[in-house]
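Here is a friendly walk through a two-part prediction, with the cut-offs spelled out along the way. Please keep the viewer open as you read.

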Amino acid sequence: MGLIQWAISPWGRTVPIHIAWFLIWVCAIGGLTFMIVHALYVGIFARPKKFAVNDSPAVVAAIPERVPRHSLVARAFHWVMAISMFALLITAFLPKVGVKFDWVTYHWIAGLVLTASVLFHIVHASFFLDFWSIWPDKIDLRDAKRRMMRAFGKDAPPPDRFAKYPLENKFYHAVILLAGLAVIITGVFMMKRVNTGIFVRNPYLFGDMTWGMMYVLHGLAGVGLIALIMVHVYFGIRPEKLPITKSMIFGYMEKDFYLEEHDPQRWAVEGSSPSKEGPGLATGDD
Amino acid sequence: MAVIRDVMPAFDLLQPTSAADAQKLLEQHGEEAWVMAGGLDSFDWLKDRIKKPKVLVDLSGVDELKGVRSTSDGVEIGAMTTLTEIVNHPVIKAQYGILSEAAELVASPQIRNQGTLGGNVSQDVRCWYYREGWPCYRGGGNICYADTPVGRNREHAIFGANRCVAVHPADTVPALIALDAKFVLQTSKGQRVVDAEDYFLGPEIDITKINILQPGDLLTAIRLPSAWAGAKFYFEKVRDRNVWDFPLMNVASAMVMQGNTIDRIRLAVSAVAPRPMRLKDVEDAVKGKPADATTGEMAGNLAVKDAVPLQFNAYKIPLMRNLVKRSISGVEEAKWA
């Protein structure tokens, strides 16, 4: 049982044509398994979180009751992307598991929406927000080691609270960025093979091998997104993460949650002390 | 037709003698089974070794699937009735002449002697890339070799090109759609009856299938309702050779006139899209109008409104426009202004 389906091209070459569709189920079951294992771990084995906290009363007093986290533009991007991603997954994989409908048109339209929203996000995050806030830094890696050691009962100093985004969030962003870019880039080329009214169809734009690799990459990233989205939704509805989810709806998080999970020195909000690592004060989405 | 290049692959040959047994066998073997009616399409696939079923269910011994029976509302034609029988059947000739005419234009006399109505309507699409076994979309791959700009697509679709651009070639289907025929399926859940046009699937729904038959389903009969018996019919097949050729296009219409105006009409074409097309918009547009050249011209223009030609088949647009016009106003009236 291979991960890729192969065929003989008209020129006698063995070429990949797409992924083996059982990978849909592998990823769905993988995502489900992760959720179950994580829920059991948090519920039964995990120790309470403990962070190094050393906030001065002045800093605490300067934190507003509602800490701005995501601007309206950033929230709009997130939900547009989310809707397009769900539309893409539904239109891509329901027909593969037996629910037949005219999916291609919906799929490429959703793909264009995703492409546009991601392009917007790249420009917005690169030039109008703090680009580096979503990428792991040295403190994240140091604290990851500390948290790991403490989880295994080893002696280690408590980690700092998170900056704007926890390390797991940053890793997730990096992985979904890779998967997302893979489906977008391959998907845009694949639009040359379907009726869109945008491109003139040309199935001979690339050779069979190149097309095959493109379909395989599109498929692998696509099934990977099944697991990634499942995990994302799971964390979005976990009780301890709900304040973060709510901030993606309302734009802010409560002061108590902010002080509990986030370090004002690493993610300074408007009216509080300046960040020791960022370029300046944040008003959300920096 | 693909080049026959090998002997058939090995398979278990099952020869049921009743429709119930045939359906049970198909259900039992699911996707591993291949249904064979007259064998004319089947043997192409099998001898070319493009299709390699594990089990072949030969329906030739199922007598109950053969013959034409009168019913309280028309006639019922067994799926295994040969095309020759349909051509010569007196009731069909008298009441449903359009089907008789369409069946007579299928291939050659020898093929019509062997070919069945069920097999004719269920035959696979025509596309030499697909039938050669290349890994195209319809064959389970990721490309349409026949598509623009360089694929050879003179005979292919001008409508409904959704990744696959092959066309459904059955000559009898437009006539059956025009007659408002009902297809009777025997499934694991019992009998199911569908309108003729709903029997076929386009690539937008399932690119590897041509009809709604699921593994285990069997087309047992086709019913012609009396509502269109004795109507004014028109059928025309255009092909490269006037003997033994697949259609470049078929058109069929059934009209009930009230005086000089069209009271009811059903109009269908095949070989223009991956599935046979009923032209509902055209039907609605010509109802209540005289069946003359003006109406025919309007109908022809409306019929091709959304046509999108491929690189080598733009000729199909004026061809279809003229055929639709002729199907309404007749050959004599079909000269264009």
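## Confidence and conventions

Residues are numbered from 1 along each chain as its sequence is written, while chains are lettered from A and ligands numbered from 1 in the order in which they are written. This is a predicted model, in which local features need pLDDT of at least 70, side-chain atom pairs count only at pLDDT 80 or more, and totals for chains, interfaces and linings use all residues.

For the complex, the predictor gives an ipTM of 0.83 and a pTM of 0.86. Chain B has an average pLDDT of 94, and 96% of its residues score at least 70; pLDDT is the predictor's confidence in each residue, from 0 to 100. As a reading rule, where pLDDT is low, the predicted coordinates should not be read in detail.

## Chain A as a whole

Chain A contains 9 helices and 4 strands, where helices (H or I, at least four residues) and strands (E, at least two) are DSSP runs numbered from the N terminus. Along the sequence their order is β-β-α-α-β-α-α-α-α-α-α-β-α. Taken along the principal axes, the C-alpha atoms of chain A fill a box of roughly 75 × 40 × 30 Å.

Of the 286 residues of chain A, 26% count as buried. The burial classes rest on C-beta atoms placed from the backbone: a residue is buried if 20 or more others lie within 10 Å of its own, exposed if 12 or fewer, and partly exposed in between. Among contacts in chain A between residues at least 6 apart in sequence, 70% join residues at least 24 apart; a contact means that two C-beta atoms, placed from the backbone, lie within 7 Å.

## Two helices of chain A

Helix α1 of chain A, residues 22-45, has 24 residues and reaches 33 Å from its first C-alpha to its last, close to the 34 Å expected at 1.5 Å a residue. That expected span is 1.5 Å times one less than the number of residues. The helix is hardly covered, with 2 buried residues among its 24.

Helix α6 of chain A, residues 167-190, also has its ends where the rule puts them: 24 residues should span 34 Å at 1.5 Å a residue, and the end C-alpha atoms are 34 Å apart. Which residues of α6(A) are buried? They are A:G180, A:V183, A:T186 and A:G187, and they pack against α4 (104-127) and α7 (208-237) of chain A. An α-helix has 3.6 residues a turn, so residues three or four places apart point the same way.

Ala, Val, Leu, Ile, Met, Phe, Trp, Tyr, Cys and Pro count as nonpolar, Asp, Glu, Lys and Arg as charged, and the others, Gly among them, as polar.

Between the chains, the contact takes 16 residues from chain B and 19 residues from chain A. The chain B side divides into 8 nonpolar, 4 polar and 4 charged residues.

## A hairpin and some backbone details in chain B

Strands β6 (residues 182-187) and β7 of chain B pair in the antiparallel sense over 6 bridges; pairing requires at least two bridges found by DSSP. The two strands form a hairpin with 2 residues between them, and B:V184 stands opposite B:V193 in β7(B).

Most residues other than glycine have a negative phi, and most peptide bonds are trans. B:R49, in the loop between α2 and β3 (55-58) of chain B, has a positive phi near 60 degrees. B:R49 is partly exposed, with 14 other C-beta atoms within 10 Å. B:D180, in the loop between α9 and β6 of chain B, has a positive phi of about 60 degrees, and B:D180 is partly exposed, with 19 other C-beta atoms within 10 Å. The peptide bond from B:T148 to B:P149 is cis, with omega near 0 degrees; B:P149 is found in the loop between α8 (128-131) and α9 (172-178) of chain B.
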